[in-house]
There are 2 protein chains.
Amino acid sequence: MDHPENDEKYIGLTVNSGVAQPPSVNPYLKRHRRKPLPTVGEMVEGIVKGDITMLSRAVTLVESIQPEHYALAQEVIEKCMPHSGDSRRIGITGVPGAGKSTSIDIFGRHVLRDGGKLAVLAIDPSSERTRGSILGDKTRMEKLSQHPGAFIRPSPSAGSLGGVARKTRETIVLCEAAGYNNIFVETVGVGQSETAVHSMVDFFLLIQLAGTGDELQGIKRGIMEMADGIVINKADGDNIGPAQLAQAQFKSALHLFPPAESGWSPEVLTYSGYYELGIAEVWDMIDRYFALVKENGYYERKRMQQARYWMYETIDSRLRSHFYDNPEIAAMLEDRERLVLSNRQSSFTAARDILDYYFSKK
Amino acid sequence: MDHPENDEKYIGLTVNSGVAQPPSVNPYLKRHRRKPLPTVGEMVEGIVKGDITMLSRAVTLVESIQPEHYALAQEVIEKCMPHSGDSRRIGITGVPGAGKSTSIDIFGRHVLRDGGKLAVLAIDPSSERTRGSILGDKTRMEKLSQHPGAFIRPSPSAGSLGGVARKTRETIVLCEAAGYNNIFVETVGVGQSETAVHSMVDFFLLIQLAGTGDELQGIKRGIMEMADGIVINKADGDNIGPAQLAQAQFKSALHLFPPAESGWSPEVLTYSGYYELGIAEVWDMIDRYFALVKENGYYERKRMQQARYWMYETIDSRLRSHFYDNPEIAAMLEDRERLVLSNRQSSFTAARDILDYYFSKK
């Protein structure tokens, strides 16, 4: 089987290059513009059979900014849903430099050691990608990308976090319907995207480095409390001591947090992605987590909470965009914000005035 | 000057008893129903002069559920705004049992030792108040409540957190206009209300107890990361050792968090509210915080961020209530949620269908 990234040139739509660009300047799209799209039935059938070209094509529809593609994608997703759900969804985060790519490369190969399939997705809403590109470079996961069981897909192109996250969550459904029973969702540990990832995965893994204080500045507040496991990378050679010290410190910090609803106590482990040390132990932790939460019902409960969350999140976000994307409202907001910031109007009456106008226009 | 809580029976509206009840069954309201309200001008003039009866009356308007009172309150607030802002707003949280009342009683008297005025407000959106009533009992802050410089006001009565928080924030404006240059906003450390409090104060103080693990279960995840100071109560007698141990543990945990935007490193202190030990040190910390953030501009910047936050928060919350309070929408939501939870519809198409209906009715 060809690696999916190599298939892009054969399909009607192209994989996103990772840099936002209008579809009209996309050379692949131009060249193949007249190639007919498969029907919904053909796509669903292909996906459920595990046809990687059909999967790629459906994912590209999900990512498309054209409304007719979006509508088509929704039909495909709807029909794939009964075939999805049976998987381990694992979120992986860490600051640039923590060694996420190398770690995913080796974690992924470890997961696939006894068979099965793995999809590696990403959420990176930053348009400029100055902070370490996610999956932008095909060579980043060199060995994993050559594995026949792996499907690696870059982050949907730049856009709002909500939009990017929605696309990734929809892609999970498609991948699971295609038989991918392991899903990694990668994100950089510096923005708001962790919350979005956290709300679509079963297990949240935080990759850290040895050292305290300055080294941790990149990790956003609150992320540590989301983690089901913290793994300290680069525990090799002279760095073993510092890594173990960091392990002890993180353990003692986690001890101060209240117990998680899952009944699971987050663990802290050390490993070396580069030298491939301690990988089995990390995966053993994840196995134990899934055994626990499948047993105590949390796995199912959390998935249902997440489905509900995304329904309400989608509603809230469209209610907001309908308001904020209105040019008249935007002008009023600018005006009122100035009054509020100079203490000339209260936040509440400013809001009330704009809302009154908005609802009067309905 | 009489204590304000004793004045309630003389004014046209009553202070909230802390338990939600429709205004019609409120005995004070009934008895004085025909007493005319002062004009906006009279109220503003009284407040700015520091007239505590007028202040109480305006706060009661803010808390009223009657639309005409609300409209009047907004006018008063608007006119008080130029007189407000010059204060220290301090949020105080901690689980029930941490000794918040005793601590506020002594902290408050310490603040007032050299003059000035202090308003103690609260946010407690729980309607049942089973988790330790906030300011429900007038005897809770016995000494402070007899201090002529103190204005103690129970939490606005039960309602949505957003509504309760808005009322408290508006009350801050009124109190500041009346010359209260110290504002405490108390909340229980078990719910969502800390985020609301955090978004209206300058300094966020978390009261903890000695001991790790089980004792901390009541504190919600994420609260520790909001704290500008953690103070460990009941550091007296045999408990001094455990309190110091807890201090060391919290210090080491805070060390793992990234630095706050304020430039301030949160500190951990021990004290005894009951024996009044270590109080000056806690207040010295808070003094140093204000010195730092007034110097580096963060004080002003954060206040502006908060004003902006409340404007957008109010807008978002009314956009949501306009949608969710619609009975037709509520019925559709119930229906679609069932489909989503049984994996028969995707979260996104369920949301889309309901939104399409909502916007088509506009």
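**Figure 1. Where chain B meets chain A.** In this predicted model, 54 residues of chain B are in contact with 54 residues of chain A. On the chain B side, the elements that each give two or more residues are α5 (67-80), α8 (161-177), α11 (240-255), α13 (298-324), α14 (327-341) and α15 (347-360) of chain B. Look for α13(B) in particular: with 13 residues, α13(B) gives the most to the side of chain B that touches chain A. Sort that side by class and you get 27 nonpolar, 16 polar and 11 charged residues.

**Figure 2. A closer look at Tyr309(B).** Here we stay with helix α13 of chain B, which is where Tyr309(B) sits. Tyr309(B) has 14 other C-beta atoms within 10 Å, so it counts as partly exposed; to be buried, a residue would need 20 or more, and to be exposed, 12 or fewer. Along the sequence, Tyr309(B) and Met200(B) are 109 residues apart, yet in space their C-alpha atoms are 9.5 Å apart.

**Figure 3. Two helices side by side in chain A.** This view picks out helix α13 (residues 327-341) and helix α14 (residues 347-360) of chain A, whose axes come within 9 Å and cross at roughly 165°. An angle over 145 degrees counts as roughly antiparallel, and α13(A) and α14(A) are therefore roughly antiparallel to each other. The crossing of α13(A) past α14(A) is right-handed. From α13(A), the residues taking part are Ile329(A), Met332(A), Leu333(A), Arg336(A), Leu339(A) and Val340(A); across from them, α14(A) brings Ser347(A), Ala350(A), Asp353(A), Ile354(A), Tyr357(A) and Tyr358(A). By class, the residues of this contact split into 9 nonpolar, 1 polar and 2 charged.

**Figure 4. Inside the largest nonpolar core.** This core has 146 residues. Which residues have the most contacts inside it? They are Ile47, Ala58 and Leu174 of chain A, along with Ile47, Ala58 and Leu174 of chain B. Zoom in on Ile47(A): setting aside neighbours within four places in sequence, Ile47(A) is in contact with Met54(A), Leu55(A), Ala58(A), Cys80(A), Leu174(A), Ala177(A) and Ala178(A). As a general point, nonpolar side chains tend to be buried together in soluble globular proteins.

**Figure 5. Stepping back to chain A.** Chain A has 14 helices and 7 strands. How many of its 362 residues count as buried, as a percentage? The figure is 41%. Among contacts in chain A with a separation of 6 or more, 74% come from residues 24 or more positions apart.

How values were computed: Residues numbered from 1 in each chain as written. Chains lettered and ligands numbered in written order. Predicted model: local features only at pLDDT ≥ 70, side-chain atom pairs only at ≥ 80, totals over all residues. Axes fitted to C-alpha atoms, helices over the stretch in contact; angles between N-to-C directions. Helix = DSSP H or I, 4+ residues; strand = E, 2+ residues; numbered from the N terminus. Parallel < 35°, antiparallel > 145°, perpendicular 65-115°, else oblique. Left-handed = near helix turned anticlockwise from the far one by under 90°. Contact = placed C-beta atoms within 7 Å. Nonpolar A, V, L, I, M, F, W, Y, C, P; charged D, E, K, R; others polar. Core = buried A, V, L, I, M, F, W, Y, C linked by C-beta atoms within 7 Å.
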